[in-house]
Amino acid sequence: MILRTAQPSPFGRMVRLAAAVQGMQIKVQTADPNDPNDDLRQQNPLGKVPALLVGDDVLYDSRVILDYLDDCYRSEHGKSVLFPAAGIGLARLKTQLARIVGMLDAGILIVYEGRFRPENMRVESFVEYQRDKVHRGFAQIKAENASYTNGATPNAVEIALASAIDHYDFRKNIDWRPHAPNLEAWMVDFAKAVPSYAETLPEGIESAPWRP
Ligand SMILES: N[C@@H](CCC(=O)N[C@@H](CS)C(=O)NCC(=O)O)C(=O)O
C-alpha cells in the first residue's frame with residue numbers, strides 16, 4: 001500500500017496515525033496537489049490527498065481509507081481499534097468523524113480563500129461563514145470529549161480531533177481555544193499516550209503544552 005499525501009495535510013495525517021495505531025506499515029509517497037505534473041491527478045481526478053494505492057485500486061477520501069484500514073485490521077484480528085462499535089454506536093462514531101472532516105474541509109476553504117484569490121477579491125463573509133461551522137463543531141465537541149482515556153489506541157474520531165486541532169494551530173486560521181478550552185488537557189493526554197503523535201506533526205508547527 002502506498003499513501004499519496006502532503007506533509008501538512010490533516011487528512012493525510014489522520015491516515016498515517018490510524019495506520020500506526022493499528023501497527024500497519026504504509027509506504028508514504030509525497031504528492032503535490034498544486035503540481036499539474038504530479039501523477040496524483042491521474043490517480044485521483046479530484047487532485048486531492050490523501051489517496052491510498054492498493055494494488056490497482058486508488059482509494060479516497062480519508063474516510064474511505066480509514067474504513068478500509070479498519071476492515072483490514074478487523075479481518076486479521078477479529079476486532080476493531082478505529083471503530084470499536086456497532087449499530088447506532090458505530091453510526092454515532094461515524095457522524096462524529098463526519099463532523100470533524102467537515103470542520104477540516106471548512107478550514108481548508110479558508111486557507112484556499114487566501115491562497116487562490118487575489119487580496120482585493122477575498123470575501124470576508126465567506127471566511128466567517130466557514131469559520132462559524134468550525135466554531136459550532138468545537139462547541140459540540142467540548143461537551144463530549146471531557147478527557148482522553150484510550151491510551152495508545154485512539155479511535156478514528158480521536159485521531160481526527162488531534163489532527164484537526166494541530167492543523168488549526170499550524171495554519172493559525174481558527175482559534176479553537178475559547179470554544180473548547182478543555183481540549184488543551186485532552187491534547188496533553190493524547191500526545192503523551194500515542195507514540196506516532198510526535199512523528200506525524202506538521203513540520204514547523206509552533207510548540208504548545210502538548211507539542212515539543
Ligand atoms: N474531504 C477530503 C479532503 C481532502 C483535501 O481537501 N485535501 C487537501 C489537502 S489537505 C487537498 O488535497 N487539496 C487540493 C485541492 O483541493 O485541489 C478527505 O477527507 O480526504
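**Notebook: sheet, helices and domains of a predicted model**

I began with the sheet and found that four strands form an open sheet in the order S2-S1-S3-S4, with mixed pairing. I take two strands as paired if DSSP finds at least two bridges between them. Helices (H or I, at least four residues) and strands (E, at least two) are DSSP runs, numbered from the N terminus. I noted that this is a predicted model, in which local features need pLDDT of at least 70 and side-chain atom pairs count only at pLDDT 80 or more, while totals for chains, interfaces and linings use all residues. Residues are numbered from 1 along each chain as its sequence is written, and side-chain values use heavy atoms, with hydrogens and water left out.

Axes are lines fitted to C-alpha atoms, for helices over the stretch in contact, and angles run from 0 to 180 degrees between N-to-C directions.

I then followed strand S1 (residues 2-5), which runs parallel to strand S2 (residues 27-30) and is joined to S2 by four bridges. With strand S3 (residues 51-54), S1 pairs in the antiparallel sense over three bridges. I checked two residues of S1 on both sides. Leu3 has Val28 as its bridge partner in S2 and Leu52 as its bridge partner in S3. Arg4 stands opposite Gln29 in S2 and opposite Ala51 in S3. In a regular strand the side chains alternate between the two faces of the sheet.

**Entry: helices on the sheet**

I recorded that S1, H1 and S2 make a right-handed β-α-β unit. A crossover is right-handed if, with the strands pointing away from the viewer, the path from the first strand over the helix to the second runs clockwise. H1 lies across S1 and S2 and runs at about 155 degrees to S1. H3 lies across S3 and S4, at about 40 degrees to S3.

I next compared the two helices with each other. The axes of helix H1 (residues 10-21) and helix H3 (residues 62-77) come within 10 Å and cross at roughly 5 degrees. H1 and H3 are therefore roughly parallel to each other; angles under 35 degrees count as roughly parallel, over 145 as roughly antiparallel, 65 to 115 as roughly perpendicular and the rest as oblique. In the contact (heavy atoms within 4.5 Å), Phe11, Met14, Val15, Ala18 and Ala19 of H1 meet Ser62, Ile65, Leu66 and Leu69 of H3. I sorted the residues of this contact into eight nonpolar, one polar and no charged. Ala, Val, Leu, Ile, Met, Phe, Trp, Tyr, Cys and Pro count as nonpolar, Asp, Glu, Lys and Arg as charged, and the others, Gly among them, as polar.

**Entry: the two domains**

I looked up the domain assignment, which gives domain 1 (2-77) and domain 2 (87-199) for the protein chain; such bounds come from an automatic or database domain assignment. The C-alpha centres of domain 1 and domain 2 lie 19 Å apart. I noted 15 residues of domain 1 in contact with 25 residues of domain 2.

H1 also meets helix H4 (residues 87-116): their axes come within 10 Å and cross at roughly 145 degrees. Here Pro10, Phe11 and Met14 of H1 meet Leu97, Val101, Leu104, Asp105 and Ile108 of H4. The residues of this contact divide into seven nonpolar, no polar and one charged.

**Entry: backbone geometry**

Val49 and Pro50 are joined by a cis peptide bond, with omega about 5 degrees; Pro50 is in the loop between helix H2 (40-43) and S3. A cis peptide bond also joins Tyr60 and Asp61, again with omega about 5 degrees, and Asp61 lies in the loop between S4 and H3.
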